Amino acid sequence: FQARADQDKVKELLDRIKDLVIKDPISNDAEGGGLDLDEYGLKKPKASVTVHLKGKPPMALLFGSKSLDSASVYTMKKGGKGVFLIGTALYDDANKAVDDFRDKDALSLDKDLLMKVRLSRADTKLEIGKRNVHEKEKDETATTPPAKQEEEPKKEYEYDWWLTKPVEARADKYGCDGIVTKLDDLKVDKWVDNAPQDLAKYALDKPWLRADVWIGDAKRPRSLFIGRKSDEDSEKHYAMNSLDKPVFLVNKSILDELRKEAKDLRDKKVFDFEKDKVEKLSVTRKQGELLCRRTARGDEEQWQMVKPQEVQADKKEIDNILWDLSGLNANEFVDAPRPDSAYGLDKPPFTVKVWVEGDRKERTLLVGTKAGTGDNVYVKIEGEKTVYEVGKSIQENLEKIDTKKLRDRTVLKFK
């Protein structure tokens, strides 16, 4: 049967054949010298390795018995006359099972080039894809050891993950990378059937789960199909892929990662910005507007309160507000919301704006009313459709901002 081979192991085997050297010649003419090939185990060889070269007849090595110290093996070329001793590594390779040379990657993918993943179950279809893919900027300050300067550095990429099904939304990078890593690391535990005639026997005619991955700009995906539990081991499941047709077993731990719902992969960050790049901050509430702007950066970082009065602001107090806002996480998502008035977002009690370096427009967070009888409140990013439920502490923290405490109380400043 045909099957994918482990490229590294095949290369290692070919290098071993190419670099083979004789340790000890026994005879250049076994027949003429009256050697008894049976004495060396070569009358009925225990194993052989045959090399097929394009345009040339095949070449074969025959292996007999091992030497007394088991460090060498008696060998001769098929059709040749000489008998000699060589190391046992190639002999050991010749005695390995076919499965030892097979590609044990269940899906064989390059996760750096992977662009999209679709997970399909009977009742769920989930799809994630990369966007804004670009090569990572090189660290010009990093030094390369002289011995490695001639090596071509591996390209590294940065990207954003997005959910595209069942809803279009920003996705959690670590959660999505986790799925890709699990698929990339998934290994065949054991091959079960190299030429399956009845996929229903393994529940692979209607698999419990199907994972499709798109590599680069490929139009068609590579697919992994996972069926029922193994009869022999309940910790394993029957599986197959679209690259070849054998049925194999995989550990059921992969199912925990692939069983995730869309909400598990949503980016929970609601108000996502880099705190250190904020240039202005505005909080509007019933007391009026609080407006602060950064006037210096780095070790000399300073903030100025502009409204309700112009005074120097306390950097630590501003930092605390920005930490709370940038760390705001969603507990629930409302992807098909009713009108804003249903959430108190038409006339929100709190409106927060941040101006971030490099942005063309400010980012605005609307904080609405309490969500039901729980401990959540509704919030929304202006210009986006989704309404989020977040912990009520956001309201409490915005309410208790004291402009008097925001003033810089330092009397003397010096280094």
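**Entry 1: strand β23**

I started with β23 (residues 387-391) and found it mostly covered, with 4 of its 5 residues buried. A reminder to myself: this is a predicted model.

Next I looked up the partners of β23. On one side I found β22 (residues 376-381), paired with β23 in the antiparallel sense over 5 bridges. Tyr378 has Glu389 as its bridge partner in that pairing. I then turned to β19, which is joined to β23 by 3 bridges and also runs antiparallel to β23. There, Glu332 stands opposite Glu389.

**Entry 2**

Which order do the strands follow in the open sheet? I read it as β18-β17-β16-β15-β20-β21-β22-β23-β19, 9 strands with antiparallel pairing. The edges are β18 (311-313) and β19 (332-334), each pairing on one side only. From one strand to the next, the twist averages 25 degrees.

β17 (residues 302-307) is joined to β18 by 3 bridges, and the two run antiparallel.

Which strands does α6 lie across? I listed β15 (278-285), β16 (288-296), β17, β18, β20 (350-356) and β21 (363-371) for this helix, residues 315-326. Its angle to β15 is about 75 degrees.

**Entry 2: helix α3**

I checked the length of α3 (residues 173-185) against expectation. At 1.5 Å a residue its 13 residues should span 18 Å, and the end C-alpha atoms are 18 Å apart, so the two agree. The expected figure counts one less than the number of residues.

Then I asked which residues of α3 are buried. My list reads Gly175, Cys176, Asp177, Ile179, Val180 and Leu183.

**Entry 3: cysteines**

How many disulfides does a search of the whole structure find? I got 0. For that search, I needed a pair of cysteine sulfur atoms within 2.5 Å.

Notes
Residues are numbered from 1 along each chain as its sequence is written. This is a predicted model: local features need pLDDT of at least 70, side-chain atom pairs count only at pLDDT 80 or more; totals for chains, interfaces and linings use all residues. Side-chain values use heavy atoms; hydrogens and water are left out. Two strands pair if DSSP finds at least two bridges between them. Axes are lines fitted to C-alpha atoms, for helices over the stretch in contact, and angles run from 0 to 180 degrees between N-to-C directions. Contact means heavy atoms within 4.5 Å. Buried means under 20% relative accessible area, exposed over 50%, partly exposed in between (1.4 Å probe, protein chains only).
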